[in-house]
Structure formats: C-alpha cells, structure tokens
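Student: I'd like to go through the charged side-chain pairs in this one. Can you take me through them?

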Number of protein chains: 2
Amino acid sequence: MTDTKEAKRAGRPRAFDPDAGVAAAMRLFWEKGYDAVGVAELAQTIGINPPSLYAAYGSKRELFGRAVAHYAGTQGRFFARLDAEGPAFETLVAVLEEAARSGTGDATARGCLVLDGTRNCTDPGARALTAEVRADLREKARSLIARERPDVADSAADYFMFVLTAISGSAIDGVPLERLMQDIALAGRGLGAILGRG
Amino acid sequence: MTDTKEAKRAGRPRAFDPDAGVAAAMRLFWEKGYDAVGVAELAQTIGINPPSLYAAYGSKRELFGRAVAHYAGTQGRFFARLDAEGPAFETLVAVLEEAARSGTGDATARGCLVLDGTRNCTDPGARALTAEVRADLREKARSLIARERPDVADSAADYFMFVLTAISGSAIDGVPLERLMQDIALAGRGLGAILGRG
DNA sequence: GAGGTTTTTTAGTGACCGATACAAAAGAGG
DNA sequence: CCTCTTTTGTATCGGTCACTAAAAAACCTC
C-alpha cells in the first residue's frame with residue numbers, strides 16, 4: 001500500500017508524518033474509546049483535514065487498527081515477558097503489575113485500550129480488532145503456564161485475563177496504583193493456588 | 001412531579017405505562033450502554049414517540065437514571081445481602097457469584113449496567129449516575145466487612161469492587177458462567193487471605 | 001354541549017457523525 | 001515549459017444525534 005520508505009515518489013509530498021498521526025490517534029482512542037472519538041477530532045489532533053486522514057489511513061476503523069498495533073508495541077511491550085523463559089507465577093504477577101502501572105501512569109488515559117477501548121462500541125469491526133489482540137494475549141499466557149502446568153493452563157489463563165480485566169476497569173474508575181497493587185497481591189493468591197504455589 | 005397513583009387527573013390519559021417504559025429502557029441500556037442507545041430507539045422500543053418520552057421522563061439522562069434505579073431493584077436485588085447479618089467472607093463470595101449469574105443470565109444483556117453501562121460514555125451526568133451506585137455498593141461492602149475486620153475493611157472492600165469489575169467485564173467479553181465461577185473461587189483466595197480465612 | 005388540561009402526533013430544529021467530490025497545489029520526470 | 005501523480009484544503013454528502021414547536025386528540029369538570 002503506502003511505501004513506508006522515504007523513496008521519493010511522484011506527486012505532492014505528504015505534509016505530515018503518518019506514524020506520528022497514528023500515535024496521536026492512539027492517545028485519543030485510549031482516552032475516550034473508539035466511538036467517542038470523531039474523525040474531525042482525530043484529524044484536528046493530527047493536524048490535518050479529514051480527506052488527508054482517509055487518504056493516509058483508509059478509514060477511522062483502519063486508523064484504529066494502526067493505533068491498537070502501536071499501543072501493543074509501546075504501552076503493551078511488557079507483555080513480551082510472557083514469551084520469555086522463567087517461572088510462570090512470578091512472570092504473570094509481574095505482568096499484571098506492569099499492566100497496572102501502564103493503566104494508571106497517565107491520568108488522562110487510564111486503563112487499557114485493548115481491554116476497554118471498544119466497550120459499548122457500535123462498530124463490530126473495531127470490536128473485533130481489540131478482541132483479536134485479547135485472544136493473542138490469552139494464548140501467550142496459556143502457553144507460558146502450559147510449560148509448567150499444562151493441566152491447569154486454560155483455567156489459569158482465564159484467571160489471568162479475569163484479573164487483567166479488573167485492573168483496566170478499576171484504573172478507568174479511578175483506583176490509584178497503590179490500591180491496584182494491593183488488589184493484584186490478593187488476586188495473586190488465587191494464581192498461586194491454581195499453579196501450586198508459584 | 002408525575003403522580004404514580006391512578007388518580008384520574010384532567011387531560012388526555014397517558015397511553016403507555018411509564019414504569020414499563022423504564023423497564024424496556026433498562027434492557028436497552030444494559031445491552032448496549034448509554035451512548036449507543038438513541039432516543040428514537042428508546043421511544044420505538046417503549047412504543048411511543050420522542051415527545052412522549054420527554055414529557056414522561058424529562059430527558060434521555062433522566063430516563064437512564066430511572067433505568068439504573070430499576071436495575072438496582074431487580075437485577076441488583078441480591079446486593080441487599082450485604083446489609084444482612086452473617087459472616088463477611090461467605091456473604092461476599094455469594095454476592096460475587098450472584099453477580100456472575102446476573103451478568104451471564106441473558107446472552108443479549110451481559111455484564112452489569114452499573115459497572116459498565118457508562119464505559120466510554122461522553123455524558124458526565126450519566127457517568128455520575130452509575131458512579132454513585134458503585135460508591136454506595138462499595139460502602140455497603142465496606143461496612144459489612146468492618147463488622148468483623150475494621151482494620152482491613154477499606155482494602156477488602158476495594159478488592160471486592162476489583163473482583164466485581166472483573167466479573168462484569170469478563171461476562172461482557174463472553175466468558176461463560178462456569179469459568180466465572182472458577183475465577184471467583186480463585187479470587188476468593190485473596191478475600192479469604194485478607195479477612196483471615198473467612 | 002363548552003372550556004380546560006394533558007398527551008398525542010407530525011414535523012422539524014441545529015449539531016454532529018463517518019466519509020467524499022472536486023479542484024488547487026506541489027512535487028517528479030520529460 | 002508541460003504532463004503526470006499525489007496530497008492538499010474547501011465545502012459538502014446523507015444520516016443520525018438529542019430535543020422541541022405546534023396543533024390535533026382525548027380525557028376531565030361544568
């Protein structure tokens with residue numbers, strides 16, 4: 001589609017950086033959720049007009065897809081820990097704590113874009129975009145757990161997503177990081193129980 | 001304002017039951033969230049025209065307030081258990097399980113209206129309506145716990161709301177009741193830990 | 001019946017939604 | 001210079017948003 005390289009093509013050069021636009025859009029979607037962000041608002045924040053937005057990204061939904069991917073690569077980078085070697089229990093708890101930090105680090109963009117960005121969203125395509133990332137995330141947790149306890153990998157992965165859902169929702173509701181850390185410690189008891197004391 | 005009694009007043013009689021309208025509106029708000037439900041859709045579901053809706057309820061937000069109150073009095077009736085006498089741990093877990101049942105009982109209206117009905121909602125007034133109910137709920141849990149363990153009442157009440165948030169969000173994401181029950185059992189380990197073995 | 005009161009219906013308000021038609025503008029290559 | 005290509009800004013598309021003005025309709029009391 002669009003060549004990301006700076007190879008000078010014919011035609012009038014683009015006056016803005018599409019990647020920077022994705023980052024700005026991500027921030028907006030994260031703060032307000034998919035439906036609550038309008039195309040006009042997106043364009044104004046990026047510093048362009050709506051036609052430039054459609055020419056560069058295709059549609060609001062496609063821009064959201066780029067934003068979700070950017071979110072996963074920045075705010076959600078710590079989930080890569082699930083792929084690394086190491087004890088499951090400690091890794092999972094550490095990831096939950098990182099999620100709490102990410103979801104409370106900025107007062108204007110709380111919670112998780114992937115978990116709550118399409119809540120009550122009317123666009124099935126946008127919902128599917130976040131649902132796919134959630135499914136990938138659950139699978140990462142499941143396979144990590146399966147290395148130690150394949151018998152409980154599904155149940156423990158479900159519980160991991162369960163706690164993750166609580167973290168994002170609570171962060172959005174204004175629960176501060178310190179309390180989230182306490183909640184994670186308590187929820188970790190359940191994780192330790194099913195994993196047989198990590 | 002409007003006399004709920006059937007005392008025959010002057011003027012053309014109302015052709016619909018306002019309470020039944022609230023129930024229908026509640027169902028719609030529960031299924032889709034505040035922002036995703038339009039006034040035209042509400043009116044059509046109730047079986048009236050928009051002007052009748054405004055004459056009877058005042059505004060979309062006020063109708064939502066009535067709907068939330070109706071929800072609390074029907075779907076959320078089991079929260080009254082928090083006011084009853086009894087051991088805190090068993091009561092809290094039972095309430096969490098009831099919440100899971102309520103949030104998964106109907107495939108078309110999942111989760112909790114109070115916890116997730118105004119997620120990503122652009123109307124601050126509507127958000128405040130659900131936030132107030134959530135605060136009341138947390139206070140009920142806190143005072144129940146305080147009867148046994150005043151020292152940990154705040155932390156345990158926070159954790160209770162944390163788990164409740166997970167239940168509603170997970171139910172919306174499609175997690176079936178059986179898995180939610182497993183998750184609650186695991187989360188209950190943390191509750192038992194902070195309450196000192198319920 | 002007439003007058004008063006309230007709800008009904010029809011029709012429409014301005015504002016915003018996502019998405020576009022169109023032509024001027026700005027580059028490359030000839 | 002001219003042509004080709006792509007992006008730009010302007011101005012708008014039809015549709016939906018929450019909400020309402022206005023008048024007909026349906027009850028009351030007299």
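**Salt bridges**

Tutor: Start with a network: salt bridges link A:Arg138, A:Asp154, A:Asp158 and B:Arg179. Keep in mind that the model is predicted.

Student: How many salt bridges does the structure hold over all chains?

Tutor: Over all chains there are 30 salt bridges.

Student: What does B:Asp158 pair with?

Tutor: The side chain of B:Asp158 forms a salt bridge with that of A:Arg179, at 2.1 Å from N to O. The pair joins two chains, because B:Asp158 sits in helix 8 (residues 153-172) of chain B and A:Arg179 in helix 9 (residues 177-195) of chain A.

Student: Is B:Asp158 buried or exposed?

Tutor: B:Asp158 counts as buried, at 12% relative accessibility. A:Arg179 counts as partly exposed, at 32%.

Student: Switching to helix 7 of chain B: where do B:Glu139 and B:Arg142 lie in it?

Tutor: Both are within residues 124-148, the span of that helix, and they are 3 residues apart, about one turn. B:Glu139 and B:Arg142 form a salt bridge whose closest N and O atoms are 3.0 Å apart.

Student: And what is the relative accessible area of B:Glu139?

Tutor: It is 37%, so B:Glu139 is partly exposed. B:Arg142 also counts as partly exposed, with 23% relative accessibility.

Student: Back to chain A. Which side chain meets A:Asp151 in a salt bridge?

Tutor: That of A:Arg149, with an N to O distance of 2.9 Å. A:Asp151 counts as exposed because its relative accessibility is 57%, and the cut-off for exposed is over 50%. A:Arg149 is partly exposed, with a relative accessible area of 25%.

How values were computed:
Residues numbered from 1 in each chain as written. Chains lettered and ligands numbered in written order. Predicted model: local features only at pLDDT ≥ 70, side-chain atom pairs only at ≥ 80, totals over all residues. Heavy atoms only, no water. Salt bridge = Lys/Arg side-chain N within 4 Å of Asp/Glu carboxyl O. Buried < 20%, exposed > 50% of the residue type's maximum accessible area, 1.4 Å probe, protein only. Helix = DSSP H or I, 4+ residues; strand = E, 2+ residues; numbered from the N terminus.
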